[in-house]
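Work through the exercises below with the sequence and the structure in view. Try each task before reading its solution.

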Amino acid sequence: MSEPSPIPPAPRLRDVRSQTLEELQAEFQNWQEPAYRASQVVEWLYVHRATDWTAMSNLPLRLRERLRHNFALDPITLVAHQGSPDHTQKFLWRLADGALIESVLIPANPALCGEESDRRTLCVSTQVGCAYGCAFCASGLQGWKRNLGVEEIVDQVLAAERWHAANPAPADAASPRERLVDNLVIMGMGEPLANYDPLLKALRILNAPWGGRIGARRITVSTSGLCPQIRRLAEEPLQLQLAVSLHGATDPVRSRLMPVNRKYPIRELMAACEFYVARKGRLLTFEYLLIAGVNDDLAHVPPLADLARRVHAKVNLIPYNHVPTLPWQRPDDNTQQAFLEALQARGINATLRREKGHDIDAACGQLRLRAEAGNA
Ligand code: SF4
């Protein structure tokens, strides 16, 4: 007698936070529920940041049960948290399948200890690991595992806000914020544009007036330089900011640091950037890690300035955060400053990023690496 065939696993339910209000309304219409019920659900999700159906007390019990049977609502859970004296907060989250990802909450204008900053930026991840293998990066060290779903991107914002609501700074208790996160940078673990459709849907939800209510102009998407996706992003109605991780102003230097440059060399990357700027009429940013002895010599300034001038890019210089097991080092302060001034002397809008979280493994992927090694 042959063995009975194994029972296939039950299909995973869609998570309710991967749905737009319009999609929920369409589902409710099929269920012959009034449309305002869908608005109540999104209010529970995005205003009250509910993490289970039982909290949704103004929905009839039978509707909550129907929702439970048709949608997942699996919040990400906090595994580790590190705070820095400059108020940078780093979070390590566990996803429903056990995978680990990171987000970093960064005060844009760090006030003195105990005072509130007037803007808060959350840096979110889009993939578990990364396939792009940039030579300086902790996130790529263990390769790519999977893309994040829409709800896993959205919930990084909600979970950081839930954490903050449970751990308010003294100033926040006096003036509670309706929305903690008012800027997003999509620069955490992973290459954002390699997870294009879930990312764009998550950003539409986080931007929507019924959802996250974060202005599109306050959302910056970063890329290592995926040219077809940059062109696709240029055609999106959302007015997103684009940050290109350049890190090298010539092909030999950039290919040494970023294997993606062999597929999309600087000439192609610049054509895609020009297309983006022409379509969007917006400034873009070049991110440029300063790495000692690799790209920090003043000889790198003229080609970098030429590229920035072509697309009117702002250049954001970021002193490298050392990653244990990798050979790269941060240049000293004088070298950083000289590089900045040489760029500015050529008329380039350049900044040297203020230190954020240098003492808490703020370079992307480090907290996860330590946790997976059992040291978080
Ligand atoms: S820098 Fe970004 S694209 Fe490069 S390996 Fe790290 S996460 Fe991936």
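The model is predicted.

**Exercise 1. Is the crossing of α4 and α6 left-handed or right-handed, and which angle class does it belong to?**

Solution. 
Step 1. Handedness comes first: α4 and α6 cross in a right-handed way.
Step 2. Two packed helices are described by the angle between their axes and the distance between the axes.
Step 3. For α4 (residues 150-166) and α6, the axes come within 8 Å and cross at roughly 40°.
Step 4. Angles under 35 degrees count as roughly parallel, and 65 to 115 as roughly perpendicular. The crossing angle of roughly 40° therefore makes α4 oblique to α6.

**Exercise 2. Where is Q32, and is it buried or exposed?**

Solution. 
Step 1. Q32 sits in the loop between α1 (21-30) and α2 (35-46).
Step 2. Most residues other than glycine have a negative phi. Q32 is not a glycine, yet its phi is positive, about 60°.
Step 3. Q32 has 6 within 10 Å, so Q32 is exposed.

**Exercise 3. Where is R213, and how does it count by its C-beta neighbours?**

Solution. 
Step 1. R213 lies in the loop between α6 (196-207) and β10 (219-223).
Step 2. R213 also has a positive phi, about 55°, although it is not a glycine.
Step 3. The cut-offs are 20 or more for buried and 12 or fewer for exposed. R213 has 14 C-beta neighbours inside 10 Å and therefore counts as partly exposed.

**Exercise 4. How many residues surround the ligand, and how do they divide by type?**

Solution. 
Step 1. Twelve residues surround the ligand.
Step 2. The closest are C130, Y132, C134, C137 and G140.
Step 3. The shell divides into six nonpolar, five polar and one charged.

**Exercise 5. How many helices and strands are in the protein chain, and what percentage of its residues count as buried?**

Solution. 
Step 1. The protein chain has 13 helices and 14 strands.
Step 2. Of its 376 residues, 41% count as buried.

Terms used:
Residues numbered from 1 in each chain as written. Predicted model: local features only at pLDDT ≥ 70, side-chain atom pairs only at ≥ 80, totals over all residues. Near = placed C-beta within 6 Å. Nonpolar A, V, L, I, M, F, W, Y, C, P; charged D, E, K, R; others polar. Helix = DSSP H or I, 4+ residues; strand = E, 2+ residues; numbered from the N terminus. Axes fitted to C-alpha atoms, helices over the stretch in contact; angles between N-to-C directions. Parallel < 35°, antiparallel > 145°, perpendicular 65-115°, else oblique. Left-handed = near helix turned anticlockwise from the far one by under 90°.
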